[in-house]
Every structure is written in C-alpha cells, then in structure tokens.
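Please look through the structure below before reading on. The paragraphs after it take its features one at a time.

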Amino acid sequence: MTPKQYLSNLRIRKAKELLTETNDPVCIVASSVGFADPLAFSKFFRRIVGIPPTEYRLQRRQQT
C-alpha cells in the first residue's frame, strides 16, 4: 500500500465514523479529515465509497 492509499483509507475511515456518530454537517466532517473544500471531499468520498457522504449517513442511520 502506498502512502497515498494509506492516507486515503485513513481519511475515509474517519469520515465514515464522523458521519455515523455525529450530526456535524458534511463541511465540518470534510474539514476534520483534511479537506478545505467540502465539494472536493464529497467527490473523493463518492469515488472511494460509491455513494455521497449524505447518502452514506442516511443509510447507516436507517440500519440502526
């Protein structure tokens, strides 16, 4: 695993945790995982996870 892949995985893991466990807006979650631009974070998240952060949050909340 390259350092870039490791950092991406770490950011996604933390973002998933924040989206599931907090009510913070996506812009705050983006900032918390190192993104200055919430739109760039949303695109990054969608590319890796397959769904946007807001949809991920809704799906996780419906499962519990």
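**A walk through the model**

Searching the whole structure turns up one salt bridge, meaning a side-chain nitrogen of Lys or Arg within 4 Å of a carboxyl oxygen of Asp or Glu. The model is predicted: local features need pLDDT of at least 70, side-chain atom pairs count only at pLDDT 80 or more, and totals for chains, interfaces and linings use all residues. Residues are numbered from 1 along each chain as its sequence is written, and side-chain values use heavy atoms, with hydrogens and water left out.

The salt bridge joins the side chains of Lys14 and Glu17, at 3.2 Å from N to O. Both residues belong to helix 1, three residues apart, or about one turn of the helix. Helices here are DSSP runs (H or I, at least four residues), numbered from the N terminus. In an α-helix there are 3.6 residues a turn, so residues three or four places apart point the same way. Lys14 counts as partly exposed because its relative accessibility is 38%; Glu17, at 35%, also counts as partly exposed. Under 20% relative accessible area is buried, over 50% is exposed, and partly exposed lies in between (1.4 Å probe, protein chains only).

Helix 4 spans residues 53-63, and Pro53, Tyr56 and Arg57 are buried in it. Viewed down the axis of helix 4, its buried residues fall within an arc of 100°, so they line one face of the helix; the arc is taken from the directions from the helix axis to the C-beta atoms. Exposed residues Leu58 and Gln62 sit on the face of helix 4 turned away from its buried side.

Key. Helices (H or I, at least four residues) and strands (E, at least two) are DSSP runs, numbered from the N terminus.
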